[in-house]
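Subject: Structure handover

Hello,

Here is the structure for you to look over. My notes come after it.

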Amino acid sequence: MTEVSVSGTGLHTGESVTMTFRPAAENHGYKFRRVDLEGSPVIDADVDNVTDTSRGTTISQNGASVSTVEHVLAALVGLEIDNLMIDLTGPETPIMDGSSIFFVNALIEAGFKEQDADREYYHIPYNIHYSEPDRKVEMVAMPLDDYRFTCMVDYNSPVLGSQHASISTISEFKKEIASCRTFCFLHELEMLLKHDLIKGGDLNNAIVVVDKHVSPDELDHLAKLFNRKDIDVAPQGILNNIELRHQNEPARHKLLDMIGDLALVGVPIKGHIMAARPGHAANVAFAKKIKSLIKKERSRKHIHVYNPNAKPVYDTVQIMNILPHRPPMLLVDKIMELSKTHVVGVKSVTMNEPFFIGHFPGAPVMPGVLQIEAMAQTGGILVLNTVPDPENWLTLFLKIENARFKDKVLPGDTLIFRCDLLAPIRRGIAQMKGIGMVGEKIVVEAELMAQIVRYK
């Protein structure tokens, strides 16, 4: 695949913007980069980064934001592209014609490259429900060895009525869904225009549903606003500036939005998604629910029995050649597994530990802060494994979040730590999820952020 650019106007800001799709390495995922800002901050396409869903989906990170990401992400999912850096020269993606088809065509023109890593899916394990009774929103994800969508919209409108759309497999996206444009009701359009909220709006990038009587004067006013000779209402109950590409184009576009918003889960899904009256806020809430289940399952996968008597990757002496710590502050004895994304270390807790002298000496318990320190040292081995001369670097921890202590660690326990990268290491900064186990039981867990700095 070669890089390819698409230029257009942001719907809400009216600013011209160029979006460049750049191939990325395995396990990179989808990321947006604001090249117009100092330092070119990167924003991960992650549901946890969503900051607004009022008029499209906005994600924010590292002091930067990108709006209306759903149409772009839908194109990537629809074409089954996994790893991409998306450079932007402005705060929102170009609206183009209000669909995904321009992005799809550009990506197809650029071509695709198959990468070596196996594609990992999240298989929906059982029916996952989400609802908002006040808005009559209903969503469910069901097990299926494919990616299938069914969508229903009903706006209580005599013009739009109730519409359904579906695809039986994601490979149908390009033909059936990609070209379907966004839509709005005339009263919404008038409100947005009144408050100057769609500076890049044009009658070519949205279907306008006429849900009320419109006088000739109002039509003339709209024509002047959009620099058109005249505007009328078509028999289908929409402004006659465009023709529908499908009779149920609004429902198909809602399906498109849903595919794009669910891309923020961060992993390709296998399942059947059914939704009634979806919207960006509900899509994002549903995506968060699915992501939370994925995180729980991944944690459970790491709960297995390690053999502390197996031959280690590093013994204590080799660890001291990497870490600057020394007894009594060296709190990891062996490294049992080490890859580019995870590490497993062992700490044998004995009654001879110096902290037991003063920490509950009558009922000795390993201090929680030292459990976190031992976990951090294990993670430090993983991070330092990325530099050629680890003995010349220090691992400094920047943040500890979501630390939980689930059981006591006592003399005689063998404490086994596993740390996994949550994202690729960038600029020497690593984010890790760590768990500590005694046997098959998790006794401690935390999310750690660390930075390596040279000190020699």
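This is a predicted model: local features need pLDDT of at least 70, side-chain atom pairs count only at pLDDT 80 or more; totals for chains, interfaces and linings use all residues.

Residues are numbered from 1 along each chain as its sequence is written, and side-chain values use heavy atoms, with hydrogens and water left out.

**Annotated sites**

The UniProt record, an unreviewed entry, places a "binding site" at His71, His253 and Asp257. UniProt positions are given in the numbering used here, feature names are shortened, and annotations may be inferred rather than shown by experiment. These residues span 187 residues in sequence, yet no two of their C-alpha atoms are more than 9.4 Å apart, so they gather at one spot.

His71 belongs to helix H1. Helices (H or I, at least four residues) and strands (E, at least two) are DSSP runs, numbered from the N terminus. His71 is buried, at 5% relative accessibility. Buried means under 20% relative accessible area, exposed over 50%, and partly exposed in between (1.4 Å probe, protein chains only). Setting aside residues up to four places away in sequence, His71 touches several others, including Ser100, Phe103, Thr182, His253 and Asp257. Contact means heavy atoms within 4.5 Å.

Asp257 sits in helix H6. Asp257 is also buried, with a relative accessible area of 4%. Beyond its neighbours within four places in sequence, Asp257 is in contact with Glu70, His71, His280 and Asn283.

His280 is found in helix H7 (residues 280-301). His280 is buried too, with a relative accessible area of 13%. Not counting residues up to four places away in sequence, His280 touches Thr53, Gly56, Thr57, Glu70, Asp257 and Asp261.

Where does Ser100, a contact of His71, lie? Ser100 is in the loop between E8 and H2. Its relative accessible area is 0%, so Ser100 is buried. Among the contacts of Ser100, neighbours within four places in sequence left aside, are His71, Ala74, Phe173 and Leu256.

**Helix packing**

H1 packs on H6 (residues 249-262) at an angle of about 80°, with the axes 7 Å apart. Axes are lines fitted to C-alpha atoms, for helices over the stretch in contact, and angles run from 0 to 180 degrees between N-to-C directions. That makes H1 roughly perpendicular to H6 (under 35 degrees counts as roughly parallel, over 145 as roughly antiparallel, 65 to 115 as roughly perpendicular and the rest as oblique). On the H1 side, the contact holds Glu70, His71, Leu73, Ala74 and Val77. H6 brings His253, Leu256, Asp257, Ile259, Gly260 and Asp261. The residues of this contact divide into 5 nonpolar, 3 polar and 3 charged. Here Ala, Val, Leu, Ile, Met, Phe, Trp, Tyr, Cys and Pro count as nonpolar, Asp, Glu, Lys and Arg as charged, and the others, Gly among them, as polar.

**Sheets**

An open sheet of 5 strands has the order E1-E2-E8-E3-E4, with mixed pairing. Two strands pair if DSSP finds at least two bridges between them. E1 (4-9) and E4 (42-44) stand at the edges with a single partner strand each, so one side of each has no neighbour in the sheet. E2 (residues 16-23) and E8 (residues 84-88) pair in the antiparallel sense over 5 bridges. Within E8, Met85 is the bridge partner of Arg22. H1 (residues 70-78) lies across E2, E3 and E8, at about 145° to E3. H2 (residues 101-110) lies across E1, E2 and E8, at about 160° to E1.

Another open sheet has 6 strands, in the order E17-E18-E20-E21-E22-E19, with antiparallel pairing. E17 (334-338) and E19 (393-405) are its edge strands, each pairing on one side only. Helix H9 (residues 368-384) lies across E17, E18, E19, E20, E21 and E22, running at about 50° to E22.

E10 (residues 128-132) and E11 (residues 137-142) run antiparallel, joined by 5 bridges. They form a hairpin with 4 residues between them, and Lys136 in the turn has a positive phi of about 60°. E11 is also joined to E16 (residues 269-276) by 5 bridges, again antiparallel. There, Val140 stands opposite Met274.

Best wishes
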